[in-house]
Amino acid sequence: MAIVLQSSPLLWTRLAALAFSCVAFSVAVHGGRVDHGTGDWCIFCWAFSFAGTLLVLLVELFGLQTRAPVSWKNFPITFACYAALLCLSASIIFPLYYLKDSYGPSDIRDFRIVSTVFSCLATIAYMTEVSISKARPGEVAGYMATAPGLLKVCQTFVASIIFVFVTDPVLYDRHDSLKYCMSVYCICFILSTAIILLCVGELTGYLPFPFARFLSAYALLAVVLYLSATIIWPIFNFDPKHGGQKQRPSSCNSSFGLCVWDKTVAVAVLTTVNFILYLADLVYSTRLVFVSA
């Protein structure tokens with residue numbers, strides 16, 4: 001089996017991402033003393049990114065792209081985008097929980113600082129990989145290398161964070177309108193995830209309808225749904241007329257992490273973010289000429 005190793009900016013960027021993510025989780029495990037679910041999540045982000053990048057490098061090193069059960073025009077950039085978002089979330093969450101107001105031994109704090117720094121470097125490396133791999137105007141590429149494809153990744157990631165906030169504790173069972181918002185999050189997440197899987201698995205040709213038209217129609221539907229959720233969620237959570245609470249409770253000042261009110265605000269902000277992402281998706285989808293491999 002021939003080994004193919006061609007020096008390129010993309011290769012060096014992947015190697016940098018591999019090294020940075022490896023250092024981030026190795027140092028945290030070795031001396032960071034992360035001992036609850038938040039720390040486990042950060043370590044998962046770094047370890048998952050490291051393992052996926054290593055897999056991509058090995059496949060390309062041994063020239064196995066044609067034997068891979070996925071579209072190699074779509075898989076590497078899809079994974080790099082998810083890895084960038086995962087490392088970005090870890091770069092924000094880890095220092096908030098383990099460096100802010102930390103009064104432990106100085107050596108443990110130093111380990112945590114190192115993990116944070118290398119997590120930020122890994123985020124930059126993965127963002128650079130996405131930028132290098134992204135399709136240029138007029139270039140024939142897989143759907144996931146285009147702006148709408150990358151937006152789908154961001155949409156599913158933001159929706160996943162929303163699910164974390166609304167389910168612990170449950171924030172949507174107080175009113176039917178909030179249940180409607182939850183259904184919007186679920187429907188759009190499922191459809192966006194299905195689109196990503198169809199593209200990565202090269203299954204779009206088996207659909208009984210034109211894929212490009214479906215993308216435009218879905219983008220329009222998602223914009224309408226998220227616009228309604230962007231309006232309804234704050235009304236039924238912060239308007240006293242509908243049983244909401246406008247002011248932040250004083251009990252939130254003494255709680256560890258985010259209290260219920262904080263999570264409700266976070267969901268409102270993330271709903272707006274996803275609405276903007278779907279709106280941008282709609283704009284790009286109407287202009288995109290999709291060329292299937």
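In this predicted model, the largest nonpolar core holds 75 residues, and among them Trp 46, Met 144, Ile 162, Tyr 185, Cys 188, Tyr 226 and Trp 233 touch the most other members. A nonpolar core is a set of buried Ala, Val, Leu, Ile, Met, Phe, Trp, Tyr and Cys residues joined through side-chain atoms within 4.5 Å, where buried means under 20% relative accessible area with a 1.4 Å probe, protein chains only. The elements that give two or more residues to this core include helix H1 (9-32), helix H5 (147-167) and helix H8 (260-287), while the largest share, 13 residues, comes from H7. Because domain 1 (1-137) and domain 2 (146-292) both contribute residues, the core lies between them; the domain bounds come from an automatic or database assignment.

Ile 162 touches Tyr 185, Tyr 226, Val 267, Leu 270 and Thr 271, leaving aside residues up to four places away in sequence, and contact here means heavy atoms within 4.5 Å.

| Pair | Angle | Axis distance |
|---|---|---|
| H3 and H5 | about 40° | 10 Å |
| H5 and H8 | about 165° | 9 Å |

The angle between H3 and H5 makes them oblique, and the contact involves residues including Tyr 82 and Leu 85 of H3 and Val 153 and Phe 157 of H5. H5 is roughly antiparallel to H8, a word used for angles over 145 degrees, whereas oblique covers what is left after under 35 (roughly parallel), over 145 and 65 to 115 (roughly perpendicular).

Residues are numbered from 1 along each chain as its sequence is written. Local features need pLDDT of at least 70, side-chain atom pairs count only at pLDDT 80 or more, totals for chains, interfaces and linings use all residues, and side-chain values use heavy atoms, without hydrogens and water.

Methods. Buried means under 20% relative accessible area, exposed over 50%, partly exposed in between (1.4 Å probe, protein chains only). Helices (H or I, at least four residues) and strands (E, at least two) are DSSP runs, numbered from the N terminus. Axes are lines fitted to C-alpha atoms, for helices over the stretch in contact, and angles run from 0 to 180 degrees between N-to-C directions.
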